[in-house]
Amino acid sequence: MKRLMTCWLLVVLLLTVPIPALGHELLDRIESFTLDNGLRVLMLPEDFAPVVHFHLMFDVGGIDEEPGLGGIAHMVEHMAFKGTETIGTRDFETEEALLQELEIAADQYFAALEEDDEGAIAEAEQRFMSLREELQELATPDVLHQLFDQFGGVGMNAYTGYDRTAYFVSLPSGRQELWLRVYADILDNAVFRYFYEEVDVVKEERRQRNEDEPTGYLREHFLREAFEVHPYGRPLIGSMEEISNYRYGPAREFWDQHYQPNRAVLIMIGDIDPEADRALVEKYFGVLESEPRHERPIPAEPPQQEQRRVTVEYEAEPEIMVGFHKPTYPHRDAYVLDVIRSLLGTGRTSRLHARMVIEEEKALAISVSSSFPGLRDPNLLVFHGRSRHPHKPEDLKQLLFEEIAKLQQEPVDPWELEKVVNQAQASFIRNLASPSGLAGQLATYELFLDGYENILDYPDIIASITPEEIQEAANAYLTKENSVVGILYTQGDHGGAEQ
Amino acid sequence: MKQTFLPLLLLALMLAWASSPALTHAEDWPDPFAMEFEPVEVTPVEPVSVTLDNGMTLFLLEDRSLPLIEGTAYIRAGANHEPEERIGLAQLTALLSRDGGAGDRSPEEVDRQLEYLAASVEMSASEPFATAGFSSLEHNVDEVLEVLADILRRPAFDARRMEIARGRLLESIRRRNDQPLQLAVREFIARVSEGHPSGRYSSIETMSAIEAADIREFHERFYRPNNIVMALSGDFNAEEMADRIEEYFGCWEARPWDAPELPPFDEFPEPVVYHVQRDLAQSIIFVGHPAVTFDDPDYIRLDVLNRILGGAGDNRLFEEVRTRRGYAYAVGSQVTQGFEYPGIFFAYSVSRVDKTAEVLELMRREIKQIVQEPVSEAELDRNRRAIVNRAAFRYASAKAVADRSALVNFLGVDPDYYARHMEIIEGLTIDELLDTAKKHLRPEDAVILVVGNEELFDRDLTEFGPVEAVELD
């Protein structure tokens with residue numbers, strides 16, 4: 001305990017960074033309000049440049065999908081770029097009628113495929129394809145990109161995670177009304193144009209990310225092994241079979257059920273006028289209605305009783321992932337395990353880098369991440385390593401467990417703990433420098449961690465963690481029984497080395 | 001089962017359509033394409049430029065918003081200057097400067113000091129130059145600058161750390177065909193830039209041949225203050241910061257710069273179709289050739305053509321290959337800025353293997369079209385507006401401004417380049433674009449590289465020209 005006191009003094013002396021002042025100043029500048037429909041809005045005026053960053057995040061992601069509809073959250077994220085009833089169409093009335101006909105043709109086409117009747121397939125396909133062509137004639141392709149690009153939009157994109165979905169772009173200032181008008185319209189009246197064309201795009205995305213990419217390939221198998229029940233075990237993008245069977249109806253239903261104003265937070269950071277912009281937010285988003293929240297119970301992963309292993313062969317050099325089940329925030333152990341992640345894997349002086357990459361020269365590179373693959377539900381602390389020839393992935397696994405044993409048996413060195421605390425505080429400051437990074441963090445805290453104000457607590461919680469807590473968490477979670485091992489071996493060369 | 005299931009689906013679908021609201025709010029909202037906004041007023045911020053007596057040039061930009069200081073040093077120590085039989089020397093020198101100990105500090109001491117301060121110093125080398133980047137909290141920037149100065153001036157090149165760094169680079173070489181896109185980019189650049197240092201890649205042999213003496217010699221020759229332009233931004237007073245840099249780097253002696261001559265760049269590489277046989281779920285296609293250097297006014301016009309063809313958010317390749325046909329997730333084109341030698345124009349696609357020839361044909365068709373027919377006024381207008389409107393972002397980050405100013409100076413770019421660029425953009429016509437396309441784009445004489453499983457291709461690649469199989473090492 002006395003040693004702990006000394007190290008505290010050091011930290012206080014060394015870090016004269018005014019984190020509390022910076023943090024409170026940040027919170028003071030944020031204007032927050034909630035519309036009647038439940039949309040939460042955070043506005044942070046910044047005068048660094050005449051630009052505004054927009055970030056719209058929903059608490060909807062892959063784990064909200066019904067079984068068999070894997071990847072549909074990601075699919076509808078793509079569809080939200082296809083325009084609305086008033087944006088991206090030459091004639092919506094004709095288009096709407098044709099879209100209904102297309103679904104009937106699609107029913108016939110999918111039915112013929114299922115019956116495996118060549119004649120019927122050819123006939124149905126012809127009708128299906130010719131309707132798609134007719135519809136393409138009525139639509140403006142890539143309309144949102146075209147629109148925002150010409151008004152100076154930068155970094156327009158979106159992502160879908162297991163927990164959340166976000167749409168973001170930065171615009172020159174003064175164009176707030178453009179963004180608000182367009183995105184309120186998307187929430188209200190998105191039209192899923194090019195649906196079946198986009199199904200093919202998503203198949204290619206899956207091939208690119210999960211099939212032709214060794215780490216993506218290993219990750220998919222690893223997660224499937226790690227989560228037997230919880231949807232964190234499903235591929236976020238969906239299986240090829242699921243993607244091939246996507247239909248307009250279920251996709252639309254998923255969109256309508258989940259992407260509601262009361263499940264979202266809108267962040268605007270930059271050269272804004274909070275009063276005038278609030279009026280614009282109310283004008284466009286205020287008229288939207290929210291459906292009651294669609295609740296779908298997500299099955300909890302039962303405690304793991306023994307180590308799980310999965311191996312895959314691939315035309316690539318070997319790599320390994322080792323995961324440990326753990327709780328998520330706000331459970332205090334989740335924060336303790338964040339400290340353990342840094343002790344083990346952040347930087348050149350981290351225990352695993354120092355041992356595997358430098359001392360023993362057995363690894364090309366290592367990393368450790370926590371809250372993998374999401375943070376809404378209990379998740380994994382994951383080690384990822386690439387071995388150096390002729391060393392094997394198993395050599396890295398052995399060193400990992402040796403280092404874990406040290407964490408379990410010996411209290412962590414005060415210097416190391418101070419280093420981790422210093423880094424957590426510095427990261428907090430660095431995050432403030434990036435509007436998109438800060439927006440993502442504020443939105444995540446607002447949606448999942450009981451309010452954006454809590455963003456300030458993180459460095460303090462990390463600083464409050466004791467060596468005893470670290471030892472306890474290492475003993476509780478970083479055990480063989482609680483671990484999942486995934487190894488990618490070079491094709492034809494796994495040599496039965498797994499012990 | 002199927003018979004009863006289908007009508008149910010139809011019913012569900014009809015209900016889904018019926019439930020959508022008949023009237024939408026958006027009918028009363030303005031047409032976003034017709035919205036008009038005031039032009040954004042951009043207030044340029046210029047870094048303070050200081051040249052030390054030893055020739056080291058600084059670009060300093062104050063930004064007091066956060067207690068952070070960041071910097072990037074550009075060093076004329078790139079891979080273009082390494083000997084043929086020691087390819088990898090520039091990279092190994094940069095990595096080992098950072099990791100091999102500095103001044104009186106052991107490698108461990110450097111790492112411990114920086115990481116305890118939650119600071120970073122990272123180095124790397126590309127073909128034209130090496131860089132050293134740092135980030136520090138304001139209150140301990142002196143300690144970090146002292147370490148950085150030792151890393152650049154007095155690297156210890158610890159022998160064991162050298163073997164670790166080399167071993168890791170060798171492992172990266174072993175792994176460099178694992179990711180098909182990385183493999184395709186490398187093989188394409190090597191073919192388009194054949195015979196020029198910028199098209200070379202290290203191998204197990206060249207990396208293994210490097211000795212400690214080579215590294216010392218390379219460092220001695222190229223790491224000199226008069227070979228360095230450094231950007232600094234953040235929470236400081238520019239004058240005081242210049243004094244601090246003088247304190248840490250001032251006694252580093254200049255040495256005359258004997259810029260090695262680069263061999264000539266062959267602007268007309270053989271238009272061969274290179275094929276790398278890999279059993280993949282997709283094929284990766286590159287089509288392209290050398291273009292122009294950055295200071296050719298046609299570079300700016302080519303950049304606009306490239307936006308229309310495959311560079312902007314919406315573009316022809318994206319529309320034809322991805323949006324309309326669903327053949328690819330990643331597709332587009334680029335034209336790189338060439339400094340001492342021409343940049344490269346290329347179109348790329350990561351797409352359906354069973355449509356390989358069709359996609360390649362589409363890519364060539366789109367390039368041909370932009371050479372043969374003028375772009376539409378609407379396309380030119382959209383892209384011109386995009387470029388003009390984006391000016392608002394030029395000063396959005398102090399670090400980006402300082403880095404850009406330093407790089408512009410380092411590469412010998414005329415400081416008025418951007419202003420001239422914007423003048424050309426403002427006055428650009430579709431005829432000028434057509435002339436530029438005809439002059440510089442060569443769809444029939446492009447280098448083509450395809451990575452993929454030819455057993456699954458829709459047609460033979462020979463229809464695109466003589467095919468040469470690439471054997472990977």
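The structure is a predicted model, in which local features need pLDDT of at least 70, side-chain atom pairs count only at pLDDT 80 or more, and totals for chains, interfaces and linings use all residues. Residues are numbered from 1 along each chain as its sequence is written, while chains are lettered from A and ligands numbered from 1 in the order in which they are written.

Turning to the two chains, chain A brings 76 residues to their contact and chain B brings 73 residues (two residues are in contact if their C-beta atoms, placed from the backbone, lie within 7 Å). Several elements of chain A each supply at least two residues to the side that touches chain B, among them helix 4 (92-115), strand 4 (154-160) and helix 16 (414-432); helices (H or I, at least four residues) and strands (E, at least two) are DSSP runs, numbered from the N terminus. Helix 8 of chain A gives the most to this side, with nine residues. By class, the side of chain A that touches chain B holds 29 charged, 28 nonpolar and 19 polar residues (Ala, Val, Leu, Ile, Met, Phe, Trp, Tyr, Cys and Pro count as nonpolar, Asp, Glu, Lys and Arg as charged, and the others, Gly among them, as polar).

Within chain B, domain 1 covers 48-249 and domain 2 covers 273-469, with bounds from an automatic or database domain assignment. Their centres, taken over C-alpha atoms, are 30 Å apart. The contact between them takes 24 residues from domain 1 of chain B and 28 residues from domain 2 of chain B. On the domain 1 side, helix 6 of chain B provides the largest share, eight residues.
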